[in-house]
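Please consult the sequence and the structure shown below while reading.

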Amino acid sequence: MEIRKGKLLHEGKTKRLYPTNDPELFILHFKDVLALSQVKKKTTVKGKGTINNAISSLIFQFLESYHIPTHFVKVLKPEEMLVKRMEIMPITGIVWNFATKSLNRRFGAAKGLPLTYPIVELYAKNEKLKNPMITIDHACAFGYGTLEEMQDIDRMIRKTNAVLKSFFERRELELVDLKLEFGRADATIFLADEISMDTCHLYDIQNEEARSRILLPDEAEDMTKIYELLKDRICG
């Protein structure tokens, strides 16, 4: 069946979501716009949507090969992927492999400290409450997920982190931190949204002495080159 795009269903900061003529499938369109967390004002980066779609598609397929379920179905266009329709859970998972900004501020950890054990944090997706950090107990008590679902999410976060650390190391990159979103369909938890330079930070092993991030959000004028460099390193 030929997939046809319906009217815009939802537009976020960096992506658009469309229904299709198949009730079980959506189209995720990646925009050429930087996330607001990266810059102080809306900034367009030519080709960013295509690059993030390529990286996310590759990573989702790689994770599927390790039996980590994702919402990815296939690439439709350079800037669009076809994804499974599912209920998005109101939870964000973040895993830290190095102590950076937020950990430095909250816990006084040394800047850039490699963590001997990854730290997993859960956050409620509620902008009015400034996305508060929660525990599995909060998630279960407030109805965000069942205990079994939350345990599945915790295992999925840790497995995804381990798999992607190895994936990036083979490309001479170190995974600093990673943000993950989740959905449920047919009693299964899936990784959703995207896994790209908008949802993780990397160190360049080739520049180990400086241990500097390749992606520098405060240098928007160089963003196109930075995204292209990362695509070549990750997808090449």
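The model is predicted, so local features are given only at pLDDT of at least 70 and side-chain atom pairs only at pLDDT 80 or more, while totals for chains, interfaces and linings use all residues. Residues are numbered from 1 along each chain as its sequence is written, and side-chain values use heavy atoms, with hydrogens and water left out.

**Overall architecture**

The protein contains five helices and 11 strands; these elements are DSSP runs numbered from the N terminus, with helices (H or I) of at least four residues and strands (E) of at least two. Its radius of gyration is 18 Å, close to the 18 Å that the globule rule gives for 236 residues, so the protein is as compact as a globular protein of that length. The radius is taken over C-alpha atoms, and the rule is 2.2 Å times the number of residues to the power 0.38. The C-alpha trace spans about 55 × 45 × 35 Å along its principal axes.

Of the 236 residues, 47% are buried. Here buried means under 20% relative accessible area, exposed means over 50%, and partly exposed lies in between (1.4 Å probe, protein chains only). Among contacts (heavy atoms within 4.5 Å) with a separation of 6 or more, 56% involve residues 24 or more positions apart. The accessible surface, from the Shrake-Rupley method with a 1.4 Å probe, comes to about 12700 Å², and carbon and sulfur atoms account for 53% of this surface.

The protein carries 36 positive and 34 negative charges, whose mean positions are 4 Å apart. Lys and Arg count as positive and Asp and Glu as negative, without His and the chain ends; each charge is placed at NZ of Lys, CZ of Arg, CG of Asp or CD of Glu.

**Two loop residues with positive phi**

His 67 is not a glycine, yet it has a positive phi of about 65 degrees. This residue sits in the loop between α1 (48–64) and β4 (72–77) and is exposed, at 69% relative accessibility. Lys 130, also not a glycine, has a positive phi of about 60 degrees. Its place is the loop between β7 (113–124) and β8 (133–134), where Lys 130 is exposed at 74% relative accessibility.

**Salt bridges**

Side chains of opposite charge can pair when their charged atoms come close. The whole structure holds 13 salt bridges, each defined as a side-chain nitrogen of Lys or Arg within 4 Å of a carboxyl oxygen of Asp or Glu. The table lists examples.

| Pair | N to O distance |
|---|---|
| Lys 5 and Glu 80 | 2.6 Å |
| Lys 15 and Asp 193 | 3.1 Å |
| Glu 181 and Lys 125 | 3.0 Å |

Lys 5 is partly exposed at 38%, whereas Glu 80 is buried at 2%.

Lys 15 lies in strand β2 (residues 15–19) and Asp 193 in the loop between β10 (188–192) and β11 (200–204), so their pairing ties together parts that are 178 residues apart in sequence. Lys 15 is buried at 11% relative accessibility, and Asp 193 is partly exposed at 23%.

Glu 181, in strand β9 (residues 173–185), and Lys 125, in the loop between β7 and β8, are 56 residues apart. Glu 181 is buried at 11%; Lys 125 is partly exposed at 38%.
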